[in-house]
Amino acid sequence: MADSLKPVTLHYMNYREDLARDQDEKLQIFHIYGNISPSHPSSASNFPTLFFGLSIGWVSPSIPQLLSPESPLPSGPISVDEASWVSSIPYLSGAFGTVIFGWLVDHLGRKYSVYIGAVPNIIAWLLIAFANNVIYLYISRVFIGIAAGAVFVTVPLFVAEIAENSIRGILGSILGILVTVGILIGQVICTYMKFFMAPYVMLGMCIFFFAVFPVFPDTPQYLLRRNRSVEAEDALNYYRGVNQESEGDLLAQVNQEMEQLRQEQVASTATTSITMADFRSLATRKALVIATILFMGRNMCGLFPLINFTESIFRASETTLDYSVSTFIVSTLAILACILCTVLVDRTGRRLVLIASCGGSALGLLGLGVFFLVKSEGVDVSLIGWFPLVTFSIFVFLANFGVVTVPHFVGAEILTFKIRGIVFSIMMLVSWPLLFLLTHFFLIVAEEYEMYYFVFAFFAWCVFQTIYTIFWVPETKGRSLEEISSLMVRHS
């Protein structure tokens, strides 16, 4: 009798362990998202990410205003070509910001690079507040791009180096979430406030960041690299909450972490420089191809160009729904998708999330493209005025769920530590001009031809990436680099 109950007892014990683990994960996520205040280091350092989202959100309601006969600019309405430049210039100057701050982050430090990288935001919003003509907007958007280039170099590095190992992935994902939150806030502010008043709200957020951030020390890793060991210990104690009353396990854990950081610093100093030999193995070459396609997908899926012109898309569709409310719904879904990805990517696996995201994005784009194609043929679509909102919402939700968020997870897991940094830097430098071209020509093509040309091009990429992911992208969840390399070689 006792022996017959063993399988049931074992099953019950495993169930209890799984349940406890799930509860621990939920509590950890709740703690991170619910209890981190704006003055917490990881929150404060991510504020420049929010500023980037604000600059994207500004475009959607502002471009229709600037194009209209009632343009707020004293010089009058801008042209479609000028609107394309206003929308796309940040992606051109973003490459410049990436290069400059990629150098500064190692020579000036993580903290001061984050701080200085946010300065262009103040200049940009002041230029918009005092704009007399489109030239002011061009220069403003150049500074926005420099700040964006700085954000994606400095903020992830700062957060990764101050975060505890157990929550580094989740804290890192906050970057993507805050971009979408910033987009929504920017859209709401610029929809309901006058054109020249909205920048002052953005400036207020910038001032808050500049007032809060200086109190935090630089990262322990950077201070160790500069042979400032005492300051590094003080910084680690600060970020781990160690004070004079701390004792026991906490002190032991922090001391152990400090010793590990010292060993890593010695190992990284002894590491030889990168050579072509580091890219010769079949597994490494395949990892590069996979990482390139996934990173290209973040741009080629069309999310960023389409988000820039969300309100313009709804105006072009002549939907019966309120354009602004439809835009807010889409942006809210983007936030929910980023949060859902953070929760599920470590449970269901990267590959499944990518397949669902790419395939679902393709379906959303197909529906949107067919709608605009049918409308261009003169068919009355007034009875399905809700259709663009539904299809566009599906696309935005699923693209944010995986296509634009998972590549960083997979890239970090399939590339060796030695080449990871240089590969990611090159990917960012390629991404900026590609985003510039897609965003710049979107409105021009839509005006000259039809919007569905671009929509179907994005649809084709999502179909390709779905097929590629199914057959050639390995599952990396819970696997070592050696296991992943072996899988890629077997399937090549």
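Which residues does Leu137 touch, not counting residues up to four places away in sequence? In this predicted model, Leu137 touches Trp58, Leu66, Leu73, Val86, Ile128, Ala131 and Phe195. Leu137 also stands out within the largest nonpolar core, which holds 127 residues. Together with Trp58, Trp125 and Phe392, Leu137 touches the most other members of that core. The greatest contribution to this core comes from helix α20 (residues 417-448), which supplies twelve residues. In soluble globular proteins, nonpolar side chains tend to be buried together.

The protein as a whole contains 22 helices and zero strands. Of its 492 residues, 50% are buried. When contacts between residues at least 6 apart in sequence are considered, 81% of them join residues at least 24 apart.

Two helix pairs were examined in terms of their packing. Two packed helices are described by the angle between their axes and the distance between the axes. Helix α5 (residues 110-117) packs against helix α7 (residues 134-162) at an angle of about 150°, and the two axes are 9 Å apart. An angle over 145 degrees counts as roughly antiparallel, and α5 is therefore roughly antiparallel to α7. The crossing of α5 past α7 is left-handed. On the α5 side, the contact is formed by Arg110, Lys111, Ser113, Val114 and Gly117, which meet Ala147, Ala150, Thr154, Val155, Leu157, Phe158 and Glu161 of α7. By residue class, this contact of α5 with α7 comprises six nonpolar, three polar and three charged residues.

For the second pair, helix α3 (residues 47-67) and helix α15 (residues 310-317), the axes come within 6 Å and cross at roughly 55°. The two helices, α3 and α15, are therefore oblique to each other. Here Ser60, Pro61 and Pro64 of α3 meet Thr310, Glu311, Ser312 and Arg315 of α15. The contact of α3 with α15 divides into two nonpolar, three polar and two charged residues.

A further site of interest is Pro388, a residue of helix α18 (residues 387-403). Its relative accessibility is 0%, so Pro388 counts as buried. With neighbours within four places in sequence left aside, Pro388 is in contact with Phe314, Ser317, Leu368 and Phe371.

Terms used:
Residues numbered from 1 in each chain as written. Predicted model: local features only at pLDDT ≥ 70, side-chain atom pairs only at ≥ 80, totals over all residues. Heavy atoms only, no water. Axes fitted to C-alpha atoms, helices over the stretch in contact; angles between N-to-C directions. Helix = DSSP H or I, 4+ residues; strand = E, 2+ residues; numbered from the N terminus. Parallel < 35°, antiparallel > 145°, perpendicular 65-115°, else oblique. Left-handed = near helix turned anticlockwise from the far one by under 90°. Contact = heavy atoms within 4.5 Å. Nonpolar A, V, L, I, M, F, W, Y, C, P; charged D, E, K, R; others polar. Core = buried A, V, L, I, M, F, W, Y, C linked by side-chain atoms within 4.5 Å. Buried < 20%, exposed > 50% of the residue type's maximum accessible area, 1.4 Å probe, protein only.
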